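Trainee: Could you take me through this model step by step, so that I can follow each point in the sequence and in the coordinates?

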Amino acid sequence: MIQIIKAIIFDIDDTILDFSRPTVHCYIETAKELNLNSVSKERIFKFYGTPLKNMIKKFWPKISQKKFEELSLKKIRKLKIKEIKGAKNILKEISKDYKIGLLTSKRKVLMDLNLKQNNLSKSLF
């Protein structure tokens, strides 16, 4: 039986956009601002790809999840998240023959902002 590929789904963070490296400091700074325990960027990286609430529960279980998310989101929104070199061109080429989808565990507001920052139209996906 021949299987036909109809769509390709990409994780947006660190596949299409360089998200982890520039944002890890936002979480470290937020923890510091809230007088929480310091956590290394290596430990934080292990939680990328999962919802932020998982990282908050693990490292700072007593803090308000909402408060941490709001403060860190404020910092992240100030960043210019860049595309992984060549990703946009590859997506445009692939989209000629396949439907493309995106997966992410991040908030929609951040994904929309990051796509806009990189001139990636939602119509591509």
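**Surface, fold and salt bridges**

Mentor: The protein chain exposes about 8500 Å², and carbon and sulfur atoms supply 54% of that area; accessible areas come from the Shrake-Rupley method with a 1.4 Å probe, and for residues only the protein chains shown count as cover. This is a predicted model, in which local features need pLDDT of at least 70 and side-chain atom pairs count only at pLDDT 80 or more, while totals for chains, interfaces and linings use all residues. Residues are numbered from 1 along each chain as its sequence is written, and side-chain values use heavy atoms, with hydrogens and water left out.

Trainee: What pattern does the protein chain follow when read along the sequence?

Mentor: Helices (H or I, at least four residues) and strands (E, at least two) are taken as DSSP runs and numbered from the N terminus. On that basis there are six helices and two strands in the protein chain. Read along the sequence, their pattern is β-α-α-α-α-α-β-α.

Trainee: What percentage of the residues of the protein chain count as buried?

Mentor: The C-alpha trace spans about 55 × 35 × 25 Å along its principal axes. A residue is called buried under 20% relative accessible area, exposed over 50%, and partly exposed in between, using a 1.4 Å probe and protein chains only. Of the 125 residues, the share that counts as buried is 36%.

Trainee: How are the axes of α4 and α6 oriented, roughly parallel or roughly antiparallel?

Mentor: Axes are lines fitted to C-alpha atoms, for helices over the stretch in contact, and angles run from 0 to 180 degrees between N-to-C directions. The axes of helix α4 (residues 65-77) and helix α6 (residues 108-117) come within 11 Å and cross at roughly 5°. Angles under 35 degrees count as roughly parallel, over 145 as roughly antiparallel, 65 to 115 as roughly perpendicular and the rest as oblique. The crossing angle therefore makes α4, relative to α6, roughly parallel.

Trainee: How many nonpolar, polar and charged residues are there in the contact of α4 with α6?

Mentor: With contact meaning heavy atoms within 4.5 Å, Leu-73, Ile-76 and Arg-77 in α4 meet Val-109, Leu-110 and Leu-113 in α6. Ala, Val, Leu, Ile, Met, Phe, Trp, Tyr, Cys and Pro count as nonpolar, Asp, Glu, Lys and Arg as charged, and the others, Gly among them, as polar. The residues of this contact divide into five nonpolar, no polar and one charged.

Trainee: How many residues apart in sequence are the parts that Asp-13 and Lys-106 tie together?

Mentor: A salt bridge here is a side-chain nitrogen of Lys or Arg within 4 Å of a carboxyl oxygen of Asp or Glu, and the structure holds seven of these salt bridges. Asp-13 forms one with Lys-106, the closest N and O atoms being 2.9 Å apart. Asp-13 counts as buried at 14% relative accessibility, and Lys-106 is likewise buried, at 13%. Asp-13 lies in the loop between β1 (7-11) and α1 (20-33) and Lys-106 in the loop between β2 (99-103) and α6, so the pair ties together parts whose separation in sequence is 93 residues.

Trainee: Which residue is linked with Lys-108 and Lys-122 in a network of salt bridges?

Mentor: Side chains of opposite charge can pair when their charged atoms come close. In the network that includes Lys-108 and Lys-122, the linked residue is Asp-112.
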